[in-house]
Amino acid sequence: MLKSPLIVSKSTSILMNIMSAPATDFYYSTKYEDDEYEYRHVHAPKDVVKHIPKNRLMSEGEWRALGIQQSPGWVHYMIHPPERHVLLFRRPLPHMIPKSSSLAKGGATVVGRGQYVLQVGGR
């Protein structure tokens with residue numbers, strides 16, 4: 001069940017007011033891969049589908065706010081309009097991330113499709 005939103009902005013109100021569905025309501029595919037990426041898809045329950053943007057990819061914060069639970073590094077990379085309830089995710093295979101990269105050492109945060117914010121300085 002959704003709370004009535006406090007209007008701040010459309011995307012902010014969705015993030016602030018969606019009550020996360022239990023993880024058992026989502027179907028998580030097994031992982032599959034090619035030479036560069038590891039992939040998986042997630043089927044969202046019907047009550048969550050109406051909150052999935054129609055014409056853009058979601059940030060990690062947005063898909064986590066919907067209740068999707070995955071380990072770090074996954075990026076929502078594609079929209080398949082006929083099946084909006086199926087969300088397509090990918091992340092680089094470990095051998096594709098340069099060993100000298102801060103990402104390989106866990107020092108980066110995925111912020112969008114193939115974009116990373118590197119953390120600089122001590123933890």
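Biologist: What makes Tyr32 count as partly exposed in this predicted model?

Modeller: Tyr32 has a relative accessibility of 36%. Partly exposed covers what falls between buried, under 20%, and exposed, over 50%, so Tyr32 at 36% belongs there.

Biologist: Thanks! And why does Tyr39 count as buried?

Modeller: Its relative accessibility is 12%. The cut-off for buried is under 20%, so Tyr39 counts as buried.

Biologist: How many aromatic pairs does a search of the whole structure find?

Modeller: The search finds five. One of them joins Tyr32 and Tyr39.

Biologist: Why is the pair of Tyr32 and Tyr39 called stacked?

Modeller: Happy to go through it. The ring centres are 5.9 Å apart, and pairing asks for centres within 6.5 Å. The planes stand at 15°, and under 30 degrees counts as stacked, so the pair is stacked. Tyr32 and Tyr39 also belong to one aromatic cluster, together with Tyr37 and Tyr77.

Biologist: What makes the pair of Trp63 and Phe89 edge-to-face?

Modeller: Here the centres are 5.0 Å apart, with 70° between the planes. An angle over 60 degrees counts as edge-to-face, so that is the label for Trp63 and Phe89. Trp63 sits in helix H3 and Phe89 in strand E5, 26 residues apart, so the pair links distant parts of the chain. Both Trp63 and Phe89 are buried.

Biologist: How do you know that Glu36 is partly exposed?

Modeller: Its relative accessible area is 41%. That lies between the 20% and 50% limits, so Glu36 is partly exposed.

Technical notes: Residues are numbered from 1 along each chain as its sequence is written. This is a predicted model: local features need pLDDT of at least 70, side-chain atom pairs count only at pLDDT 80 or more; totals for chains, interfaces and linings use all residues. Side-chain values use heavy atoms; hydrogens and water are left out. Buried means under 20% relative accessible area, exposed over 50%, partly exposed in between (1.4 Å probe, protein chains only). Rings of Phe, Tyr and Trp (its six-membered ring) pair if their centres lie within 6.5 Å; planes under 30 degrees apart count as stacked, over 60 as edge-to-face and the rest as tilted. Helices (H or I, at least four residues) and strands (E, at least two) are DSSP runs, numbered from the N terminus.
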